[in-house]
Amino acid sequence: MTKVESLYKKRSDGRKFDELRPITAQVGVVPSADGSAMYQSGKTRAVAVVRGPRLLHPKHMENPQRGILRVTYQMMSFSVWDRIKPGNSRRGQEISKVSEWALNEVVNLDAFPNSVVDVIIQIPQADAGTRVAGLNAAAMALAQAGVPMSEMVCAVAVGKMDRTLVVDVDKEEEDFHEGEGPTDVPICMTSRSNKIALLQLDGKISVPELRELVKMAREGCKKINEIQIKALREPGKEIKG
Amino acid sequence: MSVPGLQKERIIEYLKQGKRFDGRKTEEFRNISVQTNISECAEGSCSVKIGKTEVYAGVKMSIIAPYADGPDEGTLSVTLELGAMADNDFDLGAPRIEAIEMARVIDRGVRESGIIDWEKLCIKSGEKVWQVNLDIYAINNDGNLFDAAALAALVALSNAKFPVYDIEANKIEHKLTDTKLPLVKENMSFNLTIHKVGDQFVLDPSLEEEEISDYRLSIALADNKGEPRITAMQKGKPGAISESDMEKILNLVESNFKELNKKVTKIVWG
């Protein structure tokens, strides 16, 4: 990374700019599910459950060619300071959809016509980066459930505070409003083919900066993938990284 | 879940001999474990597990105008989600009637017990009171979500602290005070759900027992000088309670109350 003048000089939790928050991952946290996993990055925690392949309701959604993937993402009411009204929200529905598209990139349900694989993601505690934590948990849950996948996905939110590029943005950073302010870029990547399966951005950023951020996200995702694999090898065990 | 007829017969046969599939006695609970503070953004929060059944509960405080019939009293709102996360049979989307019923039974159990000192939740008479928002989520269903959810409600309440409130700006800050919610320990009541399976009564039902039971009776119990005091009740499912069954249930309550109350008290207050 090249040195630039920036008002964001130091991360409040002491991390290096390209450092992920401490990670905890655990596979098999919801015994009644076909697959389940917890992924925690700093204070942000996601629990994901996979149910299926199973019969699809409503029936008109059925696809006779292949099974469908259905993702439901939700934040718990008490996961943030300002209580979220329980139930569906517009934000939740959008995140569910972009997460579904990301996971669809690696999931292959050709062998399960007319059925559905449900992925349910809950966020009990949030400190930014909940959709990427949810995707990391969901990928592990799908793998544990034995749903056919061509590769894993891993996700991280990279960003820019004033002109400083950072990996794994936390809430305090999302709220950094000096200089050019915050730019938040959640990215989900496929683990082998290195494709970008989810990409969102809000803020202001130059092309070279974005190019650099994507590179940084790729490095972060590699580390996340190592932890996912460790957790999958030892279901029930908390893996730290 | 659906239980095949043969399995149902076998469960009932076993229960007649006082045996259950998982080796427990009819009145025996599974292991209960609790983890508090699962969200640092909640005023109080916890996970409660009974066996493999798990629920999360959290308390968020907000400020509202009081109801006309209680200008000096705080209020309580309880929601409960039985979502697709917890069980293959739970749907995505709109709340199931089971969730609404469970939330309302828990609401009544907390409300009627008098565990919350409502007047201490008054900020300005007739204008501003605290509302306790208690939200419960089923994480894994392996039977007896009812008692697990009610217990999680108590644990979340007992751990809750007021947030910092700037009265001038009328704003709740994003941090907590050291002041706990005004709870009256002695008034605590806990929920005990009894299922009638065959001609036997079981506590802490498994999924299968819940499914095949004739009816359930949820009873909120408080301690009145060592004796049980009933603060809320709900008979669930279509079956009806005969005169002799009611007597058996009440005996069961009397004989199990002390030990259960001790256990719950320890879990909730430490």
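## Terms and model

Two strands count as paired if DSSP finds at least two bridges between them; strands (E, at least two residues) and helices (H or I, at least four) are DSSP runs, numbered from the N terminus. This is a predicted model, in which local features need pLDDT of at least 70, side-chain atom pairs count only at pLDDT 80 or more, and totals for chains, interfaces and linings use all residues. Residues are numbered from 1 along each chain as its sequence is written, while chains are lettered from A and ligands numbered from 1 in the order in which they are written.

## Sheet in chain B

Chain B holds an open sheet of four strands in the order β10-β9-β11-β12, with antiparallel pairing. The edge positions belong to β10 (200-203) and β12 (227-236), each of which has a single partner strand, so one side of each lacks a neighbour in the sheet. From one strand to the next, the twist averages 30°.

Nine bridges join β11 (residues 215-224) of chain B to β12(B) in the antiparallel sense. B:R216 has B:G236 of β12(B) as its bridge partner.

## Helix on the sheet

Helix α2 (residues 97-113) of chain B packs on this sheet and touches β9 (189-197), β11 and β12 of chain B. Contact requires C-beta atoms, placed from the backbone, to lie within 7 Å. The direction of α2 makes about 160° with that of β12(B), where axes are lines fitted to C-alpha atoms, for helices over the stretch in contact, and angles run from 0 to 180 degrees between N-to-C directions.

## Interface

In the interface, 21 residues of chain A are in contact with 28 residues of chain B. On the chain A side, β3 (44-55) and β5 (115-125) each supply at least two residues.

Key
Two residues are in contact if their C-beta atoms, placed from the backbone, lie within 7 Å.
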